Amino acid sequence: MLTIKQISKTFNPGTINEKKVLSNFSLHLEPGEFVTIIGSNGAGKSTLFNAISGSFLTDAGSIILDKQDITFLAQHKRSKYIGHLYQDPNKGTAPNMTILENLALAAGNGGWLSHISKEDKIKFINVLSQLNLGLEHRLNQSVGLLSGGQRQALALLMATYNPPKLLLLDEHTAALDPQTAKQVLDLTDKIVKKNNITTLMITHNMQDALSLGTRTIMMDNGNIILDVKGEERNKLTVDDLIFQFKLKSGQNLSNDRILLTK
């Protein structure tokens with residue numbers, strides 16, 4: 001489904017600010033796999049997502065999505081196949097448009113520029129009711145007036161309204177309070193399973209990394225140092241992950257955000 005072959009990326013090459021973020025990175029995902037990604041800050045997690053989504057071109061290697069080579073495909077063309085949620089709830093929605101217009105935009109109906117039929121409106125109400133946030137009764141409210149959790153839940157619906165081939169979740173609950181984060185994660189799990197969406201999720205919560213999805217990878221210094229799934233993954237604890245990081249990287253896992261989410 002997704003095959004990444006030996007991609008590399010160095011920022012500011014040839015300068016004193018040169019930084020190699022990805023180094024001959026390879027990864028293969030089968031259709032429907034839900035992979036959680038953990039690692040210290042600077043491990044290359046978000047850079048990997050930006051490479052997949054097309055924010056920049058890699059220096060070497062290839063990216064194949066559903067048998068299509070997207071290595072040099074423009075970002076706006078990749079967005080037809082790739083859903084992307086960010087840590088900031090403000091990035092996935094249009095704040096000056098209503099909930100109804102945002103959903104119409106996600107559905108491919110042109111948002112506020114289009115005529116929203118009665119049938120479309122019924123579909124949007126049914127989809128929103130899954131959130132249990134009451135947003136189906138606030139269709140004409142500006143999205144900018146919603147809470148962070150409500151906006152992130154709406155962004156998730158928008159990113160998956162027409163199920164993408166690949167869903168990238170870049171710490172999409174990190175800015176939310178624990179209760180709201182759990183609600184959004186439960187919704188994420190439900191939507192991914194229902195639509196069998198191939199998914200990559202970056203998280204700093206190590207417990208979430210083990211309890212969600214089907215596979216967990218750990219990154220350090222631009223590459224994968226641990227890749228577990230199945231029964232091996234089911235037996236792991238958060239303390240096991242911390243030990244594995246020290247064993248394979250030769251250093252302690254010093255990211256406070258990770259350690260505090262045990």
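**Exercise 1. Look at the contact in which Ile99, Leu100, Leu103, Ala104 and Ala107 of helix α3 meet Lys121, Phe124 and Leu128 of helix α4, and work out its make-up and geometry.**

Some ground rules: this is a predicted model, where local features need pLDDT of at least 70, side-chain atom pairs count only at pLDDT 80 or more, and totals for chains, interfaces and linings use all residues. Residues are numbered from 1 along each chain as its sequence is written, and side-chain values use heavy atoms, with hydrogens and water left out.

*Step 1.* Contact means heavy atoms within 4.5 Å. The α3–α4 contact divides into 7 nonpolar, no polar and 1 charged residue. Here Ala, Val, Leu, Ile, Met, Phe, Trp, Tyr, Cys and Pro count as nonpolar, Asp, Glu, Lys and Arg as charged, and the others, Gly among them, as polar.

*Step 2.* Helix α3 spans residues 99-107 and helix α4 residues 118-129; they pack at about 100°, with axes 11 Å apart. That makes α3 roughly perpendicular to α4 (65 to 115 degrees).

**Exercise 2. Is Val192 buried or exposed, and which residues does Val192 contact?**

*Step 1.* Find Val192 in helix α6, residues 178-195.

*Step 2.* Val192 has a relative accessible area of 4%, so Val192 is buried (under 20%; exposed is over 50%).

*Step 3.* Beyond neighbours within four places in sequence, Val192 is in contact with Phe34, Leu167, Ile197 and Thr199.

**Exercise 3. Where does Ser62 lie, and which residues does Ser62 touch?**

*Step 1.* Ser62 belongs to strand β4, residues 60-65.

*Step 2.* Not counting residues up to four places away in sequence, Ser62 touches Thr3, Ile4, Lys5, Ile7 and Thr71.

How values were computed. Helices (H or I, at least four residues) and strands (E, at least two) are DSSP runs, numbered from the N terminus. Buried means under 20% relative accessible area, exposed over 50%, partly exposed in between (1.4 Å probe, protein chains only). Axes are lines fitted to C-alpha atoms, for helices over the stretch in contact, and angles run from 0 to 180 degrees between N-to-C directions. Angles under 35 degrees count as roughly parallel, over 145 as roughly antiparallel, 65 to 115 as roughly perpendicular and the rest as oblique.
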